[in-house]
Amino acid sequence: MSDMENPPTGEPRYVKRRVKGCSLDVHPTEKALVVQYEVEATILGELGEPMVEERKDCQKMIRLKSLNANTDTASLAQKVVEECHLIHPSKLAEVEQLLFYLQNRKQSSDNQEKKNISPRDFTPYAGVELDEEASIGSIDEYVELLYEDIQEKIRGAALIFQLARNPDNLEELMQHEVVLGALARVLREDWKQSVDLATTIVSVFFCFSSFSQFHSLVTHFKIGALCMNIVEHELKRFELWQDELQKKKKAADEFPDNQSLRKDHDKSLRKYQSLLAKQEQLLKVSLYLLLNLAEDTRTELKMRNKNIVQMLVKLLERDDQELLLVAVSFLKKLSIFLENKNDMAEAAAVEKLARLLPCDHPELQSATCRLLLNLSFDAALRSQMVQAGLVPRLSSLLADEAQRQLAMCVLYHISMDDRFKPMFAHTDCIPQLMKMMLGGEEQLDVELVSLCINLAANRSNAQVFCEGNGLKLLMRRALKLKDVLVMKMIRNLSQHGGATKNLFLDHVGDLAAQIGEDEAEEFVIECLGTLANLTIPDLDWELVLREYGLVPYLKRRLKPGSAEDDLILEVVILIGTVSMDDSCAAMLAKSGIIPALIDLLNAQQEDDEFVCQILYIFYQMAFHKATRDIIIKDTQAPAYFVDLMHDGNAAIRRVCDNTLDIIAEYDEEWAKKIQTAKFCYYNSQWLEMVENRQLDEPFLSGDDGESFSGNRDVLERPDLFYAADGILSGDGSISPSFYADIQSSELGEAGNLSSSLDQFVPSVPVPADRPVSDWSFRPDERFFYSYTANASQ
C-alpha cells in the first residue's frame with residue numbers, strides 16, 4: 001500500500017507496521033533458530049486516523065550452518081542478535097542458551113536418515129544442470145517452456161526445480177496453480193519418453209512433499225500414484241536390461257575369438273551402466289516422494305495395495321547406496337505394521353538385508369539395523385536372520401560405537417531363543433561384550449546386560465564368559481557396585497556343571513557375606529539363587545552356614561510375609577541345596593526350621609513352585625538317617641506327601657512318590673497308610689460304586705454286618721476283592737491253580753521260585769542308613785530333572 005501513486009482524496013495513504021510478541025525456539029530437526037512474531041499493520045487515512053487494522057502471525061528461520069562442537073556460542077549469539085532486527089538485545093542470554101542446546105543436541109536416527117532428502121540437498125545430476133540461474137519473476141516464461149519439445153521441457157522443469165529447492169519459494173509457487181498443473185500434465189504424458197524430464201519434474205514435487213502442509217497439493221495432482229507406476233515400470237525395464245546383457249555376455253563367452261560379439265557386449269555394458277545411473281536417480285527421488293506422502297497411513301495403505309513392499313525388497317539387490325538407503329528407510333517405516341512385515345517375510349527381505357552389513361555407509365548401516373530390529377520381534381524372521389549369517393555380522397558391529405546399541409538390541413532378540421544361543425560362542429560377540437562390561441564403573445546399558453544374561457544361560461557361552469579371569473572380574477564389579485543385573489548374569493553362569501561351576505568355589509564366601517537384612521532385597525535374591533545353584537561335592541556347606549551365621553537369617557525369612565515371595569522362595573531353594581549334606585540337614589532340623597517350613601507350606605499351598613521346593617527339602621531330610629525320624633515321627637510331613645502324591649503338577653507327584661517310598665521302608669504304620677491311600681485312589685470308581693450300593697445290597701457287608709465304608713481297613717477285606725478266575729477265592733485264600741501256574745512259568749531248573757522283584761535289588765550292598773529306594777532317585781539331583789524309568793518295572 002505504501003507504493004501507491006497519487007491516491008484519490010479520501011483513500012488511505014499510509015501503512016503503519018509494528019512487530020509484536022517475538023518468541024524464540026529451536027527447529028525440531030535442523031540446526032536453526034525459529035523466530036515467531038506478530039505483525040500488526042494499520043492503514044491510516046489522510047489525516048493519520050486509523051482506518052483498517054490487520055494482524056498476521058509470521059515466522060523466520062535462522063539457519064546456523066557453521067554451528068558445530070567447537071563454536072563459541074556466546075559470540076555466535078551476539079552476531080545473531082545484531083543481524084536479526086526481530087530479536088531484541090534483551091534476549092541475548094536466551095539466544096545463547098538455545099544455541100548451546102543445538103550444539104549439544106544429539107541428532108536422532110530418523111533425522112540422520114532424512115538429512116540427505118531435504119530440498120536444499122537434493123541437487124540435479126549431471127546432464128540436467130543448467131548454467132543460468134532461475135528467478136521467481138520469470139516463472140511464466142518457464143511454464144511456456146513446458147509446451148515446447150522435450151529438451152525445452154527439461155530446461156523449463158530444471159529452472160522451476162531451482163526455485164523449488166528454496167523452501168521460501170514454495171508458497172509463491174503454490175499460488176501459481178498453472179505451474180504445478182503444467183508440470184503434472186507433462187509428467188503424466190511424457191515420463192516414458194525421457195528419464196531426465198521425469199526425474200526433474202518428480203524432484204519439483206518432492207520439494208513440496210518435504211512439508212506436510214503441501215501433501216494435499218501433491219495428492220491433488222495424483223503424483224503419488226504416478227510415482228508408483230514409474231517405479232513399477234522401471235523395475236521391469238531393469239529386468240529386461242539384465243536379460244539382454246546376460247544374453248550378450250553368454251554369446252561373447254561362447255565365442256571368445258569373435259571380437260564383434262565382445263565389442264557388442266562392451267558397448268551394451270556401457271550403455272547399461274549409463275541408463276542404470278539415470279534410472280536409479282529417478283527411482284530415488286520417486287521413493288523419497290512416496291516416503292514423505294506415506295506419513296498419512298491411508299496413503300500408505302494404498303501403496304501397500306499396489307505392492308510397494310515387493311518393489312522395495314527387489315531394490316535391495318541394487319548397489320547404489322543412496323538408493324538402498326531410501327529403500328531400507330521406507331521398509332523400516334512400513335515394518336511397524338503386521339501385514340507389511342509378513343510381506344517382507346514372503347519376499348525374503350532378511351536374506352537381502354544381510355549383505356548390507358557391515359558396509360562403509362553409516363546411515364545405511366543404521367537404517368538396516370533399525371529395520372532388522374523391527375523384524376526381529378517375529379520368531380520366524382529371527383530364524384531367517386540366523387540362517388542368513390547375521391549373528392557374526394551383527395557381532396562385528398559391536399566395535400562401532402554408532403551402531404552398537406542397535407546391534408545389541410537385535411542380538412538380544414536372537415538370544416531369546418535357546419536354539420541360537422550356542423552360535424554366539426563361535427563369534428567375537430562375547431569378548432566384545434565383556435570388554436564393554438568391564439571397561440569402567442559407570443552404569444551399564446540395560447541392553448548390554450540383558451544380552452549377557454541371556455547368553456550366560458548357555459553352557460558354551462558360559463565357558464567363554466569365564467575364560468581367564470572373566471568370572472573374577474564379573475564378581476568384583478557386581479559386589480563393588482551392588483549391580484543386580486550383573487549378579488543375575490553370574491547366577492545364570494552358576495547353573496552350569498563341570499569346570500564352570502567349580503570356579504565358584506573361590507567366591508562362595510563373598511556371596512554368603514551378602515546375605516543379610518542390610519542389603520537390597522533384589523541383590524540378595526540373586527546371591528541366594530547363585531548359592532543355591534552350587535551343588536558341588538567339595539563344598540563344605542556346614543562351615544559356610546556356621547561362619548556366616550546364615551541359619552538364623554534363613555529361619556527368619558521362612559516366616560510368611562517377612563519379605564517378598566521371590567526372596568522367600570530363593571531361601572527355600574537354598575535350604576534344599578544345603579540339605580543334601582547330612583550334617584547340614586541335621587543342623588537345620590535341630591534349629592527348628594522344619595515347623596517353619598510346614599507353616600510356609602500351609603501359607604503357600606496354592607503356589608506350586610513353593611510347594612515343590614518345600615517338599616524337596618523334606619525329601620532330603622527323609623533321605624538322611626540323622627533327620628529321617630524327625631520327618632516321619634515328629635512332623636506331619638508324611639501326611640502332606642500322601643495328600644499331594646496325586647497332585648496335578650508332575651514335579652510334585654515325582655518328589656512325593658520317591659519320598660513316600662523312603663518313608664514306607666522305615667515305618668510300617670505309614671507304609672500301611674500309604675498303601676491304603678494308593679489303593680483307594682486307583683480303585684476310586686469301584687469304591688464309589690460299593691458306597692452307593694451297600695445299603696441296597698446287604699451282601700456287600702462283612703460277616704459281622706459292618707459296611708465296607710466303615711472303620712475297617714480296606715486292605716483287610718479280601719472277600720471284597722474281585723476273584724480273577726482262580727487267583728483269589730471267596731474267602732481270600734489263594735487257589736491251587738495259582739500255584740500250578742507259578743510252577744509252570746516261574747520255577748527254574750533248581751526248583752526255586754524266581755521272583756520278578758529280584759530285578760529291584762541293587763548289585764552292590766546297600767548301606768544300613770540308606771533306603772533301598774534311593775537307587776531310583778538320587779538326592780544330589782534336583783527333583784525337576786527328567787528321570788527315565790524301566791517301563792517293565
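Select Ala348, in the loop between α15 (338-346) and α16. This is a predicted model. Ala348 is not a glycine, yet its phi is positive, at about 60°.

Next, go to Pro358, in the loop between α16 (349-354) and α17 (362-375). Look at the peptide bond from Leu357 to Pro358: it is cis, with omega near -15°.

Move on to Lys482, in the loop between α24 (470-481) and α25. Lys482 also is not a glycine and has a positive phi, of about 55°. Its relative accessibility is 34%, so Lys482 counts as partly exposed.

Now select helix α25 (residues 484-493) together with helix α28 (residues 521-532). Their axes are 9 Å apart and meet at an angle of about 10°. The two helices are therefore roughly parallel to each other, since angles under 35 degrees count as such. The crossing of α25 past α28 is left-handed. To see the contact, show Val484, Met487, Lys488, Ile490 and Arg491 of α25, and Glu522, Phe523, Ile525, Glu526, Cys527, Gly529 and Thr530 of α28. Six of these contact residues are nonpolar, two polar and four charged.

Last, turn to the largest nonpolar core, which has 205 residues. Leu183, Ile308, Leu433, Leu493 and Phe618 touch the most other members. Helix α34 (residues 608-623) gives the most to this core, with twelve residues. Another core, of 20 residues, lies apart from it, and includes Cys22, Val35, Val80 and Leu98.

Note on methods
Residues numbered from 1 in each chain as written. Predicted model: local features only at pLDDT ≥ 70, side-chain atom pairs only at ≥ 80, totals over all residues. Heavy atoms only, no water. Axes fitted to C-alpha atoms, helices over the stretch in contact; angles between N-to-C directions. Helix = DSSP H or I, 4+ residues; strand = E, 2+ residues; numbered from the N terminus. Parallel < 35°, antiparallel > 145°, perpendicular 65-115°, else oblique. Left-handed = near helix turned anticlockwise from the far one by under 90°. Contact = heavy atoms within 4.5 Å. Nonpolar A, V, L, I, M, F, W, Y, C, P; charged D, E, K, R; others polar. Core = buried A, V, L, I, M, F, W, Y, C linked by side-chain atoms within 4.5 Å. Buried < 20%, exposed > 50% of the residue type's maximum accessible area, 1.4 Å probe, protein only.
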